[in-house]
Structure formats: C-alpha cells, structure tokens
Amino acid sequence: MERVYIFDTTLRDGEQSPGISLNVQQKLEIAEQLVKLGVDAIEAGFPITSQGDFEAVKAIADRVKGPKIVALARALDADIDRAWEAIKNSQNPCIHTFIATSDIHMERKLRKTRDEVLRMTEAAVKRARKYAPEVEFSPEDATRSNFDFLCKVLEVALENGATVINIPDTVGYALPNEFGKLIKEIKTAVPGLNNVILSVHCHNDLGLAVANSLAAVENGANQVECTINGLGERAGNAALEEIVMILDTRYRSLGKKTNIKTEEITRTSRLISMLTGYQVQFNKAIVGANAFAHSSGIHTDGVLKERVTYEIINPQKIGLTESKIILGKTSGRHALKQHLKEMGYILNEEEFEKVFVRFKELADKKAEIINDDLEAIMADEVRTTTVEIYSFKSLHVSSGTEEIPTATVRLVKNGKVIEKTVEGDGPVDAACNAISKVTGVSAKLLFYNVSSITGGLDAQGDVTIQLDIGGKKVLGRGVSTDIIEASARAYLNAINKSLTK
Ligand code: KIV
Ligand code: ZN
C-alpha cells in the first residue's frame, strides 16, 4: 500500500476565489474541521498579504494540532520572515516558498533572468530552512517551464534543504498524459526527488485538475494539493473530495491510500459552502445535491432492488445520512442545546440565545425541522461576521402587481433601532435599498441566487448575493422561510462584512 498525502489549500488558494473573505474565527473553525477530516497539511494562508491573513495563520498555527501548518511566501526575505513569524508556534510548521520558472512569467512578470531566479530559489530555501524543519518549494507555472531549467531549479531547492517539492500546473494548461509524463521524467532527471515528498498542485481551467493530479499520482507523486469543493483561483483547484473518493473507490486498480476519514466529507463540504457563500453545483461529483439522487424509473427501481446497480459509492461512506426530523414547535431550549451538541456545536450563551430565537421563529412557520435547517441557522446567526455592525431586527414589505413595492427595514446599531422606508423596483430591491439607506452603504448587485435548503413549500430559502461595494466584491448569505427576508439578510451580511474590513 502506498500512501498519498493530502495537502489542503482551501484556506489559501481556496480563499483566493473572488468574493470570499473569511474572518479568523471562521478560518479556525474550518481548520478544526480539516483536522477531523484527517488532512496531512493545512495551508493556512499567505501571511505577508495582509494583517488579517497573518493573524488567521498565526491563530491556526498556535491552536490547531495534528497536521502540518503551512504558510505561503514568495521567494523574498520579507515574505519568508513574515511566514515564519506566523507559524513558529506550530507543532508542525512548514514554510512554502515559490517563484515562477516559465519564460513568460520570468520575463513579463518578474523581469528576472534564469540566473536571478536560480539565485532567488537558493536564497529563499536556505533562509526558510534556517527557521523551519519543513520547507516546501514550488516552481510556479512549472508545466509551461523549460524542462532542463525546471530540473536545475529543483536541484538548487533540494541542495538547499527543501523537504517537499511541489509541481504546480498554475494555469491548468496540462493534459493528463503530459502531466503524468512530466512527473515521471523529473523523477528520473532529478534523483533527489525520490528522497522528499513530491507534491502536485493542479488548477481546473480546462476541467482537468483532478485528472491531472491522478495522472501525477500514478507516475510517482505522493502528495496532492487540493481544496474542498474545488475552490480556488479562477476555475479552482483539484477537489479534495474527488481525489480522495477516486483513490478509495478504485483502490484495487490504483493501490494508493489516503488518511482521510471519508465520513467527514459531506460535513466539511457543507461547512465550507456555508462559510464562503459558494454554493456547490447540484451535479458536482461526490458532494453535489444530486450526486446520489436517482430520478429515472429504471434507476430508482434498480437502486431499491440492489444499491450497487447504480451507486458506486455508499452515501454513508461520505457521511451522507438521511435527513431526519429532529425538532419541532414544542421543542425547548434543552432539546435544542442537546441537539446542537450532538451536531458538534457548543455555543456560548449569547450565541445560543440568537440561535434559539431563530429556531422558534422557524418552528412557527415550518412543522418539521431537520439538521439542514439548523446548519443554515448556525451559518446565518453564528458564523456570518464576528462584528455585526448592524443587526437585523425586522422587515415589512408591501408589494403587488398594482402597487409600488415599498420596504420598511429596522436595523440595530449600538443598541439603537434605526428605521427607513424606501421604494424599489420589486420587493427585494426595496428591502435592499432600505438597508443601504440605514447603513449609508450603497452597493451594486453582481450576482443573486436563491435555493431551498430542504424540500416542501415551507422550506427555508437560502440566498447568496455578491455585491460590488466601493469596487470590492463581497459575498453575503442569508436564510429564512421568506425569501425576501433571506435576501435582506444576505444583503446586510455583505454590507456588515465590508464595514468590518
Ligand atoms: O497555482 C500555483 O502555482 C500556486 C503556487 C503558489 C503553488 O498556487
Ligand atoms: Zn494555485
């Protein structure tokens, strides 16, 4: 059995997806869940890029035990020093330093010669190794780099103490057979690679990130860098859940194992989706809502007679259990607290009270409350923003085919209720305009999506909104059985985020 290490970069490359902005508390929650999932390494961020990123990486390094905690740094002294400052208290720290090696990147972006890049590689790895027991080196845009030069750079990184070499397909350009061949050939050309971890990091611009990662593993790579739900720059990175379930489901053919506790996959995917506001595509492999749904008569009949006729993975294997009715109108504080505890949530009194109020409101409108409803309330109430500058109090909307839509919104700031009534093109527009009036923040709507959390007409609506606020893209999310209220909450969530930043 050969082991494949799983290096999760959801908090670094994943967070580079447009509009995602996680606060320290949310990043810590994700990191703790990644520990439960059993990843080998967590790339926690890029500390030099902002004070917020530095603090998040530091908090994770200080508190999260188990996996390697990795901080990204360009091949520059200041980046490396900052990365080390952030992770020095970790049990298992690793500095990940990178520099581009393709001619196009060196000439046009870095404006450096090959010799300069070689010297920078040497200096960076050497400096990082003075601090950290583990140093990963990545030649950015490796798949468009000159092969001989690429090998030279890797040799320099290894000579100076790199313990992990990562080969990125930065722009998602490679084809699986080419990428597999590249991995095989560099292993032969640079024998030192056989004594370190050989990692790959594939982007999904052509939809080949997972296929390329797999081709690399089949040709000798023993670490895959990936993200939950395939988040990441542009079209994203290789999806962790897909890589892991391919290796698991096709173990007999591939013969490689990971340490991932697959039963935690669904929970992790949902947590990431809720905290980032990035909904998972319905037909996404492994974690999409339809991944285990059978609609045609022949398929349904087949699955009912024998599950494996149309299911190659047992849904329980990825922690997908049937949603059970868990609570209702008559359930009290104790029952809710107990149930949240069973779901893994321990809340402080203030958080619990907020969740309890939302739960009671929901139970008045919806007879049967299931886990997914509670997850949605948790996402909305506890995890939205640590600093809620304005909190939502109430919304009244009047609209119809023959009247001008009007919304009255009441928000609370520093204990004071502020109310405004504003008209709009429709009820959602009116509600959002009223929020802008109260907060003094105007925004341009870039994206709006509403979906239902559970089935049934009384289901909660889940609204994701992307706004342009002062030239910055900000995501917001809100849930309610009333989709206008959910929209208003999502809009306010985005505004609070922009004010907090
Ligand atoms: O895509 C890329 O090349 C990266 C590097 C920093 C590894 O994200
Ligand atoms: Zn990347």
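The model is predicted: local features need pLDDT of at least 70, side-chain atom pairs count only at pLDDT 80 or more, and totals for chains, interfaces and linings use all residues. Residues are numbered from 1 along each chain, ligands are numbered from 1 in the order in which they are written, and side-chain values use heavy atoms, without hydrogens and water.

**Domains and their interface**

- The protein chain comprises domain 1 (5-276), domain 2 (333-381) and domain 3 (387-500), with bounds from an automatic or database domain assignment.
- Taken over C-alpha atoms, the centres of domain 1 and domain 3 are 38 Å apart.
- Seven residues of domain 1 are in contact with six residues of domain 3, where contact means heavy atoms within 4.5 Å.

**Zinc site**

- The zinc ion (ligand 2) has Asp13 (OD), His201 (NE2) and His203 (NE2) as protein donors, at 2.0 to 2.1 Å; donors are N, O and S atoms within 2.8 Å of the metal (3.2 Å for Na, K and Ca), and sites may look incomplete, as water is not among the atoms.
- Asp13 lies in the loop between strand 2 (5-8) and helix 1 (24-37) and His203 in the loop between strand 8 (197-202) and helix 8 (209-218), so the pair ties together parts 190 residues apart in sequence; helices (H or I, at least four residues) and strands (E, at least two) are DSSP runs, numbered from the N terminus.

**Salt bridges**

- The structure holds 30 salt bridges.
- One of them joins the side chains of Glu15 and Lys27 (3.3 Å, N to O).

Methods
A salt bridge is a side-chain nitrogen of Lys or Arg within 4 Å of a carboxyl oxygen of Asp or Glu.
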